[in-house]
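Load the model and keep the selection panel ready. We will go from stop to stop, selecting a few residues each time.

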Amino acid sequence: MTTTLAPPVPIGKAAVGALGMLALSTGALESVVAPTIPLLERELDMSQSEGALLSIVLLITGALITPLAGKLGDRYGGKRILIRLMAVVSVGGTVSALAPNLPVLLVGQVLQGAMIGALPLSFIVVREHLPAGESKVAIGVVSGLFVGGSMVGMLSAGPVAEQLSRHWMFALPTVAVIGATLLVNRLMPTDPPGRSDGSGIDWPGLLLLSGMLTTLMLVLALAPEAGSQPLALVALVLVLAAFATGWVRVERRAAAPMIDLRMLARPAIWKACVLTFVICLGATMAVYLIPQLFDERGDGYGFRAGATEIGFYLLPGAVAATLAGPLGGIGERRFGSRAVVNTGVVMMTVGLLAVAAVHTEVWHLVVGKMLIALANGLCVTAMMTSTATAVDRGDTGIATSLILVSRVVGSAVGGQLGGALLTAGTPSGSKVAAESAYVTGFVIAGVVVSLALFVTRTMSKGVKA
């Protein structure tokens, strides 16, 4: 027996604007850690590996929450799940603001990771209430504002942390998130629930994926010390393999898997996921290494910059990322995803290798970061918009969740790998990483990103799932 649902209520610019404000505020909350990692490392007595972990723990939670949020949004309605998710984010921001030490701050960041699931939920709402042409533009705007929120976060985090305290740099964007959530709740009509197969949540799949990601991060963190602890590293690799094997088997047999591997098997989807992973890995290595190099106090390299200066230096890159969202959506619609991604991959490779070769002046890093941020935004937005509008409406949350999980995992691996390289490149008894560690990191990132061109060659001009 089927039930006929009333057609969705069209939304206006005010409702889309409210979603954009929410994306902007969550982007700001997500980005406050990046320019202040060196400051937090000193205040909380963290190693560089612990600093890298702090920069990615939010993303690990996002990888777990995003597919679950997308599935629940498809089933029960995007707005309903979005409001509940943002309540969790608000609690996480409050915990981060009040955190007296690293363990509590990590708990806050874990809760804040729920914000990443807000994007597929926003896409569900947009597609439900707007025609196809307008929904592409709206998705590009929301994605761009989420990335653009980093401009506000990066610019404000340093001055707030230095003039007030590190606690306030979390508190202020959290207040903005709460206000934007209330605005969305008021202006956005409730979208009707989608189809439901009556199955429950895939808790075994969620737990296995959680274990897999956690173990992966431990492997990367321990890699620099492999010489002194080889057995521990081998054991972690075996555990990681066991988690991965178990997760694949559970997802294949589950009636309602957390991540639909059958959808992932579609050529357009898995290619988009591989591209997103590779691009975000390279971009996040730069996002972690460049602020560290600004702060570095080495002999003949580094700029001894404070948190405020670092935020200012990162601002042009945040502006470029803001423009990349709408440009990526427009470019994908006019030229196709392959052209946009090829352009982004070449730009990012050039930016990474250029920074590896030349980094003796501040503007070298600023320009390199601008190229990398613009390229990252173009690629991810093109993948997101093409995938979101290529599948059935009922699969929007699931499909975009796969892209976002790829983004999150790639970012997590890139950040942790950057931290591991600096830890391995820091002489015993010193707190200053060798210049060669930075060069190696940028070169590795550039080479990995360039490999994406082998995948884009097999893509059609537009992604068709």
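Is D295 buried or exposed? Select D295: its relative accessible area is 9%, so D295 is buried. Buried here means under 20% relative accessible area, exposed over 50%, and partly exposed in between, with a 1.4 Å probe and protein chains only.

Before moving on, note that this is a predicted model, where local features need pLDDT of at least 70, side-chain atom pairs count only at pLDDT 80 or more, and totals for chains, interfaces and linings use all residues. Residues are numbered from 1 along each chain as its sequence is written, and side-chain values use heavy atoms, with hydrogens and water left out.

**Stop 1: the salt bridges**

The structure has two salt bridges. The criterion is a side-chain nitrogen of Lys or Arg within 4 Å of a carboxyl oxygen of Asp or Glu.

R42 and D295 form a salt bridge, with 3.1 Å between the closest N and O atoms. R42 sits in helix α2 (residues 37-43) and D295 in helix α12 (residues 267-295), so this pair ties together parts 253 residues apart in sequence. Helices are DSSP runs of H or I with at least four residues, numbered from the N terminus. R42 has 48% relative accessibility and therefore counts as partly exposed.

Now pick E43 and R166. Their side chains meet in a salt bridge, at 3.2 Å from N to O. This pair also links distant parts of the chain: E43 belongs to helix α2 and R166 to helix α8 (residues 166-187), 123 residues apart. E43 is partly exposed at 46% relative accessibility. R166 is buried, at 9% relative accessible area.

**Stop 2: S25**

Go to helix α1 (residues 13-31) and select S25. With 7% relative accessibility, S25 counts as buried. A polar atom of the S25 side chain lies 3.0 Å from the backbone oxygen of L22. Next, show P173, A176, V177 and A180: S25 is in contact with these, leaving aside its neighbours within four places in sequence. Contact means heavy atoms within 4.5 Å.

**Stop 3: helix α17**

Select residues 435-450, which make up helix α17. This helix has 16 residues and reaches 23 Å from first C-alpha to last, close to the 22 Å expected at 1.5 Å a residue. The expected span is 1.5 Å times one less than the number of residues.

Colour A437, Y438, G441, F442, A445, G446 and V449, the buried residues of α17. Look down the axis of α17: these buried residues fall within an arc of 165°, so they line one face of the helix. The arc is taken from the directions from the helix axis to the C-beta atoms.

Conventions
Helices (H or I, at least four residues) and strands (E, at least two) are DSSP runs, numbered from the N terminus. A polar contact is a pair of N or O atoms within 3.5 Å; within protein, one must be able to donate a hydrogen and the other to accept it, and residues adjacent in sequence count only if both atoms are side-chain atoms.
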